[in-house]
Amino acid sequence: MNLISQQATTDNRLQILDATIKRYQYQQDTLIEVLHKAQELFGYLENNILLYIAQSLKLPPSQVYGVATFYHLFAFTAPAKHTCVVCTGTACYFQGTQAILANLEKYAHIHGGETTSDGEFSLFTARCIGTCGIAPVVVFDDTVLGSDTPENICDRIVTLLEQS
């Protein structure tokens, strides 16, 4: 019995994941839906969860990992307390999101795609958030910030971080 099988008997999240896989009738073409459910349950996709999904759907682990890493919406590390996504789409780029990103990287001492060592703040980029009309756009903890100068948006995020 492997570690994940031992956890399945005590971890309710694995039981829910099993029920989801069963509901999809172990169909290999439901991989993305299963990955979504796993991330919803666990907060991110650990290697052992990816292997568990591969075994359950009778897929090569490389295929499961390949699909999971192809889509930027899947995370492989524990989520931070605060998350910031900076849009780098054309409209936002020309309105100054590169300056926002640079200032946040300097403030937090991390680069886009990284999390601070204390787990308080993750900084990400997205190719387009789809809110070009209010560029430059940043999503901070599910709150959309836009229609302002890059300096004001960055200052607002720093203030929010320091208040928490």
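Trainee: Where is Phe70 found?

Mentor: Before answering, keep in mind that this is a predicted model. With that said, Phe70 is found in helix H5.

Trainee: Which residues of helix H5 are buried, and what covers them?

Mentor: In helix H5, which spans residues 61–70, the buried residues are Val64, Val67 and Ala68. They cover an arc of only 95° around the axis, which puts them on the same side of H5. On the other side of H5, Ser62 and Phe70 are exposed. As for what covers the buried residues of H5, the cover includes helix H3 (31–42) and helix H4 (47–57).

Trainee: Is Phe70 buried or exposed, and at what relative accessible area?

Mentor: A residue counts as exposed when its relative accessible area is over 50%. Phe70 is exposed, because its relative accessible area is 63%.

Trainee: What is the accessible area of the nonpolar surface patch that includes Phe70?

Mentor: On the surface, Phe70 forms a nonpolar patch with Ile32, Tyr71 and Leu73. Taken together, these four residues have an accessible area of about 380 Å².

Trainee: How many aromatic pairs does a search of the whole structure find, and what is the angle between the planes of Phe70 and Tyr71?

Mentor: A search of the whole structure finds three aromatic pairs. One of them joins Phe70 and Tyr71, with 4.9 Å centre to centre. Planes over 60 degrees apart count as edge-to-face, and this is how the pair of Phe70 and Tyr71 is classed, the angle between the planes being 85°.

Definitions and conventions
Residues are numbered from 1 along each chain as its sequence is written. This is a predicted model: local features need pLDDT of at least 70, side-chain atom pairs count only at pLDDT 80 or more; totals for chains, interfaces and linings use all residues. Side-chain values use heavy atoms; hydrogens and water are left out. Buried means under 20% relative accessible area, exposed over 50%, partly exposed in between (1.4 Å probe, protein chains only). Helices (H or I, at least four residues) and strands (E, at least two) are DSSP runs, numbered from the N terminus. The arc is that of the directions from the helix axis to the C-beta atoms. Contact means heavy atoms within 4.5 Å. Patches are made of residues with over 30% relative accessible area and no salt bridge: like charges are joined within 9 Å, nonpolar side chains (Val, Leu, Ile, Met, Phe, Trp, Tyr) within 5 Å. Accessible areas come from the Shrake-Rupley method with a 1.4 Å probe; for residues, only the protein chains shown count as cover. A salt bridge is a side-chain nitrogen of Lys or Arg within 4 Å of a carboxyl oxygen of Asp or Glu. Rings of Phe, Tyr and Trp (its six-membered ring) pair if their centres lie within 6.5 Å; planes under 30 degrees apart count as stacked, over 60 as edge-to-face and the rest as tilted.
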